[in-house]
Amino acid sequence: MATQNCIAISELHPNFSHPKVVGIVIAKTDVRSFPDRKNIEIERFTFGFTIKDSPDFFINVTVWGSDGYVNGHASSFSISDCVTVENPLVSSKDPEKGDKFCPTTPSHYRLLVTEAHSQVCLCADMDTIDRLLPLIHLPVKDSRDFYSLGDIVANGQKLDGTVINILAAVKMIGEAKQFTTSDGRKGQRLELKLFDDSVSSFPLICWDKEAIQLMQTLVARETADAKISFDSFRGAMVATFISKSIVTVNPDTREASLLFSYAKEVSESGALDLDEASGDLTVDSITDVYTVNQLKQKAKEHPEAFFGITFSFISKLNLDSSVSKVIKTRCSRCKFQVTEDMQSCSNQLCPGKDQAFSGSADFDLLLDFTDHTGTLQACSLRGPVAEQTLGCTTEEFTSLTGEQLTALKWRFLLERCKIYVKILPSTKMKSGIRGMILACSLADPGEVKKHMSALLQQL
């Protein structure tokens, strides 16, 4: 076997000569440069990564050398690749120096890869790769050792500057922003929104290119060792991905499995949108007008959420179907959808699981709207916005007769409406986007005429 001469991380010792170590990469930093201490005109380069070869053992590796050597190694592998580190120097960790900026590891040592003696290459042995790959889903910390987002919010500034473990699902991945510092250095920034059963939206900020590339490819994950700080501009706590951070993708733990089930349910049911709507812009501040096709085009070009107005016809509105398809009951504490006859919340992560059940029934509709350029399907119309649009509460709606429901439906169906909408990216929709109705009313004929005249002038 190609890796038969490899030494396990748990057995490493400085006395070993010409060691060879194989592992799966679970963390990696960007390349950095600095002047050589002996000759300030020469730049030295470095980057670090962390490898794991068993459920309990992992170690930090630092690469040093010239521009070509270090950048060549850095570009040759990524997080989740299996690599072989040949002839590194095994040295004791120094918690007061560079190691305090690296992930905390169970090993007493670290590996140094230098241009004169060492190299890192991708592992080519398939048996070894098959053995190592499952390790990427095993957290490096105890699966119960984490803060919920609710704990972070509750503790507030008491946690400012601390490094903690977080278990959360990803609600939204923003767009990476590029910038240039005052001294001419290039940089980047990516912000994600996390959520769990206690908090519907919490920001995580990434500055490293390696971290950003990883985050842009993932959907749900566990984050270990994120730095928590108070953002005075937002007046709230935020998490930052730092050089000590390790992300475990789809963690193979009971706690993560419960969170995944919760995240899947609330995501598919639209409960997250109910919370998010309260933080949206007021409709009075939304002024940009779009056709349906323009909404779709902008969503393709800009993956972040945006707001707009469209003058379109309601082409599908199933008000007269069963009440259970129009009105949904949710737990008041965690927004988990429950059936009407249930007396308790079935979400095992619900913060009020052992308390008396408290639920609320709200409109939860899907509608299509259409104009001369196309149709946007399955847009959500929920909660107070639906009540205001339909002109009735859920209690009043359930008392309507069949004829009254049909009349209410045809009051909007095939009528041109002025619709304020929030457009979000979606992997579930065939179009790649989904719409969230923020306000909807029958359009004023004069305003429609003015809008159509403006459209004709653009052609």
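Residues are numbered from 1 along each chain as its sequence is written. In this predicted model, local features need pLDDT of at least 70 and side-chain atom pairs count only at pLDDT 80 or more, while totals for chains, interfaces and linings use all residues, and side-chain values use heavy atoms, with hydrogens and water left out.

**View 1. The protein chain as a whole.** The secondary structure comes to 11 helices and 22 strands. Helices (H or I, at least four residues) and strands (E, at least two) are DSSP runs, numbered from the N terminus. Of the 459 residues in the chain, 47% are buried. Buried means under 20% relative accessible area, exposed means over 50%, and partly exposed lies in between (1.4 Å probe, protein chains only). Among contacts with a separation of 6 or more, 65% are between residues 24 or more positions apart; a contact means heavy atoms within 4.5 Å. The chain exposes about 23,600 Å², and carbon and sulfur atoms supply 51% of that area. Accessible areas come from the Shrake-Rupley method with a 1.4 Å probe, and for residues only the protein chains shown count as cover.

**View 2. Strand S3 and its partner strands.** Two strands pair if DSSP finds at least two bridges between them. Strand S1 (residues 20-28) pairs with S3 in the antiparallel sense over 4 bridges, and here Val25 has Ile51 of S3 as its bridge partner. Strand S2 (residues 32-35) also runs antiparallel to S3, joined by 4 bridges; Ser33 has Phe45 of S3 as its bridge partner. Between S3 and strand S4 (residues 58-65) there are 8 bridges, again antiparallel. Ile51 has Ile59 of S4 as its bridge partner. A hairpin through 5 residues joins S3 to S4.

View 3. A pair of aromatic rings is described by the distance of the centres and the angle of the planes. Rings of Phe, Tyr and Trp (its six-membered ring) pair if their centres lie within 6.5 Å; planes under 30 degrees apart count as stacked, over 60 as edge-to-face and the rest as tilted. The whole structure holds 7 aromatic pairs. In one of them, the ring centres of Phe47 and Phe77 are 6.1 Å apart with the planes at 45°, so the pair is tilted. Phe47 lies in strand S3 and Phe77 in the loop between helix H1 (67-74) and strand S5 (82-86), so the pair ties together parts that are 30 residues apart in sequence. Phe47 and Phe77 are buried. Phe49 and Phe77 form an edge-to-face pair, at 4.9 Å centre to centre and 70° between the planes. This pair links Phe49 in strand S3 to Phe77 in the loop between H1 and S5, 28 residues apart. Phe49 is buried, as is Phe77. Ring pairs link Phe47, Phe49 and Phe77 into a cluster.

**View 4. Lys28 over the ring of Phe77.** Lys28 lies over the face of Phe77, at 5.1 Å from the ring centre. A charge sits over a ring if NZ of Lys or CZ of Arg is within 6 Å of the ring centre and within 35 degrees of the ring normal.

**View 5. The buried face of helix H1.** Tyr69, Val70, His73 and Ala74 are buried in H1. Seen down the axis of H1, these buried residues fall within an arc of 120°, so they line one face of the helix. The arc is that of the directions from the helix axis to the C-beta atoms. The buried residues of H1 pack against S1, S3, S4, strand S7 (109-114), strand S8 (119-122) and helix H4 (209-215).

View 6. Helix H7 (residues 292-301) has Val292, Leu295 and Ala299 as its buried residues. Down the axis of H7 they fall within an arc of 60°, so they line one face of the helix. Lys300 and Glu301 are exposed, on the face of H7 turned away from the buried side. The cover over the buried residues of H7 includes strands S16 (306-317), S19 (359-371), S20 (374-382), S21 (416-425) and S22 (433-442).

**View 7. Strand S16 between its partners.** In S16, 9 of the 12 residues are buried. S16 pairs with S21 in the antiparallel sense over 8 bridges, with Gly308 opposite Val421 in S21. S16 and S19 also run antiparallel, joined by 4 bridges, and Phe313 stands opposite Thr370 in S19.
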